[in-house]
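Please keep the sequence and the model in view while reading.

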Amino acid sequence: MTFLSLASLGLRCIVVVLIDATGVAAQSAQPWNGRGIAAPRVAIEDSASPTASQGKTAGARAVEMVGLTVSDMDRSLQFYTQVLDFVKVSDTEVAGSPYERLEGVFGARLRVVRLRLGDEVLQLTQYLAPQGRPFPADSRSNDRWFQHVAIIVSDMDRAYARLRQFKVQHASTGPQLLPKTIPNAAGIRAFYFRDPDGHFLEILQFPPDKGDPKWQQGGGRLFLGIDHTAIVIRRSDASLRFYRDALGFRVAGESLNFGTEQEHLNNVEGARLHITGLRAGGGPGIEFLEYLNPTDGRPYPPDERANDVVNWQTTIVVPDVDAAAALLRNDKFRVLSPPVELPDTALGFRKGILARDPDGHVIQLVES
């Protein structure tokens with residue numbers, strides 16, 4: 001759902017989500033009920049946080065890639081490469097103590113596949129052991145575990161026809177043309193759908209006067225790349241304290257989205273959203289989706305772990321992982337793993353941590 005003012009500015013947004021390794025609850029058989037993950041009080045209510053007062057940030061340089069957990073890698077590869085034209089660039093298996101400590105999953109054995117579309121990277125991870133829980137079948141676009149990537153297309157009609165050809169599951173009623181009543185998004189066409197595991201995805205077409213100019217240079221390709229990843233949040237001010245004040249993203253734009261087109265895009269009756277776009281120095285952007293109405297979206301499950309199929313991880317490059325971890329802990333954000341040195345670069349980096357944002361979304365901070 002990309003109706004940001006970022007779009008009109010040709011800017012991207014970046015999202016970082018941190019996982020908490022400390023105090024992780026045991027996984028239950030019914031993970032999608034209950035109180036969920038609540039933001040620490042300081043992250044929501046203390047505007048004079050140490051980060052804000054000292055002006056220090058983790059110095060986010062770029063969103064390196066967006067990753068998600070899948071249940072059947074071969075099935076997912078067929079979907080992303082045949083339906084959406086992603087290209088496989090690496091396929092590897094990893095196991096061992098460093099990966100267990102990083103991901104917070106004992107006995108983990110992972111198959112990790114990196115896909116490229118245009119300039120952007122999507123990383124798929126299958127837990128060969130231990131397997132996590134499936135994607136919650138009753139997920140809605142306003143639940144706070146919602147995350148998607150926005151895939152830019154050169155022709156919405158042709159792209160939608162391709163999805164119909166492969167009998168892709170709808171999440172929107174159909175492609176929506178955003179109206180003039182949302183000035184910064186007017187003329188954008190968008191559609192939500194789901195991959196074989198149930199993850200939400202979006203295809204989006206910018207009119208000539210909006211978006212990064214590179215999206216108008218398709219070179220005959222139908223699927224062009226990833227503009228941003230979007231996450232549902234509870235409060236924009238709390239999320240800004242995390243992504244802007246602590247991590248160092250910049251705000252690229254804001255928008256108030258409403259109306260029948262927005263409702264049918266999200267498939268949420270009465271949807272009214274405050275959207276904020278953020279960017280780092282490179283890579284896809286991040287969109288905050290704050291539902292002003294309805295406000296009954298369910299919170300992030302408190303016992304979610306990296307091997308659950310609902311898991312997304314947004315990878316952000318910082319100059320110093322140790323300093324970033326210390327800063328986040330100092331500001332009372334949840335860091336899930338200690339800085340972990342990996343034995344090789346199979347995952348695309350040597351050192352990283354996981355953390356959670358105030359709503360529970362997971363980010364991975366790495367050194368390039």
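The largest pocket has a volume of about 240 Å³. A pocket here is an open set of points on a 1 Å grid over the protein atoms alone, with protein on both sides within 12 Å along at least five of seven lines, and lining residues have an atom within 4 Å of a point. Grid points are joined across faces, edges and corners, and a volume is the space filled by probe spheres set on the points. The lining of this pocket consists of 20 residues, of which Val63, Glu64, Met65, Arg116 and Val121 are the closest to its centre. Strands E1 (62-70), E3 (109-117), E4 (120-129) and E14 (312-317) each give two or more residues to that lining, and E1 gives the most, with four. Strands (E, at least two residues) and helices (H or I, at least four) are DSSP runs, numbered from the N terminus.

This is a predicted model, in which local features need pLDDT of at least 70 and side-chain atom pairs count only at pLDDT 80 or more, while totals for chains, interfaces and linings use all residues. Residues are numbered from 1 along each chain as its sequence is written, and side-chain values use heavy atoms, with hydrogens and water left out.

A search of the whole structure finds one cavity of 30 Å³ or more, a cavity being a set of grid points where a 1.4 Å probe fits but cannot get out. The volume of the largest cavity is about 150 Å³. It is lined by 17 residues, and Gly67, Glu103, Gln123, Thr125 and Gln313 are the closest to its centre. The elements that give two or more residues to the cavity lining are E1, E3, E4 and E14. E1 again gives the most, here with five residues.

For the protein as a whole, the secondary structure comes to nine helices and 18 strands. Of its 368 residues, 60% count as buried, meaning under 20% relative accessible area, whereas exposed means over 50% and partly exposed lies in between (1.4 Å probe, protein chains only). Among contacts (heavy atoms within 4.5 Å) between residues at least 6 apart in sequence, 75% join residues at least 24 apart. The accessible surface is about 13,600 Å², and 48% of it belongs to carbon and sulfur atoms. Accessible areas come from the Shrake-Rupley method with a 1.4 Å probe, and for residues only the protein chains shown count as cover.

Helix H6 (residues 156-165) has a buried set made up of Met156, Ala159, Tyr160, Arg162 and Leu163. These residues lie on the same side of H6, because they cover an arc of only 155° around the axis; the arc is that of the directions from the helix axis to the C-beta atoms. The buried residues of H6 pack against helix H4 (73-83) and strands E5 (147-153), E6 (169-170), E8 (189-194), E9 (200-205) and E10. At the start of the helix, a side-chain oxygen of Asp155 comes within 3.0 Å of the backbone nitrogen of Asp157.

Just after H6, Lys167 takes a positive phi of about 55°. This residue is in the loop between H6 and E6 and is exposed, with a relative accessible area of 73%. Asn267, in the loop between helix H8 (260-266) and strand E12 (272-279), also has a positive phi, near 60°. Asn267 is exposed, with a relative accessible area of 53%.

Which peptide bonds are cis? The bond from Ala129 to Pro130 is cis, with omega near -20°, and Pro130 is in the loop between E4 and E5. Asn293 and Pro294 are likewise joined by a cis bond, with omega about -15°. Pro294 is in the loop between strand E13 (285-293) and E14.

Conventions
A polar contact is a pair of N or O atoms within 3.5 Å; within protein, one must be able to donate a hydrogen and the other to accept it, and residues adjacent in sequence count only if both atoms are side-chain atoms.
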